[in-house]
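Good morning. Please have a look at the model first.

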Amino acid sequence: MKFNNKLNLVEYLQVVNEIANEFFDMNTYEYTPQVGEMYAVCAYFNHCVELEDTDEIKTHPIVDIMDMQQLYDNEEFMKHYNDAIYNYNIGTSLLFGNAYDQAQDIVEYKKSDANAFATAISTGMDAILKSFRESFSDEDITRFTDIAKQIKDGKLSSEAIVEAYGNSERFKEKTEELNASSEPPVIPFPQKK
């Protein structure tokens, strides 16, 4: 293996963001340090290592988490990784260690209570809106908006909705179905525990 801890500008920015993002679950925004640390090892391998023909590891870059075990089992690789994040010249150079440190700064910022709460709310709202957009067509959303506007303007009330349903064909059909049924509907009582 050949090791090069220097990154170019684009790689540096990419590594910082990728490592920082992997410390948080994409769906729940829960803090997941075990995943973040594994991803940092993977990012180091993918960005700072060049394989040679004689290496036992043949997969590069690693994209499947199951391939990570071979990195942890390789003493030479793990020594270089640890040196890269613990024994480097702190500064503004584009070294992997600096990228890792800056990713940790972002993680700490996101973990703080106020920021975590705001981000969780924002992420939750994004998920709700995405789910809403996937569940309803543009036409449905336009109808909901129109109904909400009518309610707000006082043009639509619960009494008006009940009256409209009472005059609808669906109400007449359901009433006829109930009347045609030979058995009365059974409504069970809640059972005592």
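Which residues in H1 meet which residues in H2? On the H1 side they are Glu 11, Gln 14, Val 15, Glu 18, Ile 19 and Glu 22, and on the H2 side Val 35, Gly 36, Tyr 39, Ala 40, Ala 43 and His 47. Contact here means heavy atoms within 4.5 Å. Sorted by class, this contact has 6 nonpolar, 3 polar and 3 charged residues. Nonpolar covers Ala, Val, Leu, Ile, Met, Phe, Trp, Tyr, Cys and Pro; charged covers Asp, Glu, Lys and Arg; the others, Gly among them, are polar.

Before going on, note that this is a predicted model: local features need pLDDT of at least 70, side-chain atom pairs count only at pLDDT 80 or more, and totals for chains, interfaces and linings use all residues. Residues are numbered from 1 along each chain as its sequence is written, and side-chain values use heavy atoms, with hydrogens and water left out.

Now the geometry of that pair. H1 spans residues 9–22 and H2 residues 33–48; they pack at an angle of about 160°, and their axes are 8 Å apart. Helices are DSSP runs of H or I with at least four residues, numbered from the N terminus. Axes are lines fitted to C-alpha atoms over the stretch in contact, and angles run from 0 to 180 degrees between N-to-C directions. H1 and H2 are therefore roughly antiparallel, a term for angles over 145 degrees.

Next, the salt bridges. How many does the structure hold? There are 3, each being a side-chain nitrogen of Lys or Arg within 4 Å of a carboxyl oxygen of Asp or Glu.

One joins Lys 79 to Asp 83, with the closest N and O atoms 3.0 Å apart. These two are 4 residues apart in helix H4, residues 75–86, so about one helical turn separates them. Lys 79 is exposed at 53% relative accessibility, while Asp 83 is partly exposed at 27%. Exposed means over 50% relative accessible area, buried under 20%, and partly exposed in between, with a 1.4 Å probe and protein chains only.

Another pairs Glu 108 with Lys 111, at 3.2 Å between the closest N and O atoms. Both lie in helix H5, residues 96–111, 3 residues apart. Glu 108 is partly exposed at 45%.

The remaining one links Glu 169 and Lys 172, where the closest N and O atoms are 3.8 Å apart. Glu 169 is exposed at 52%, and Lys 172 is partly exposed at 40%.

Methods. Angles under 35 degrees count as roughly parallel, over 145 as roughly antiparallel, 65 to 115 as roughly perpendicular and the rest as oblique.
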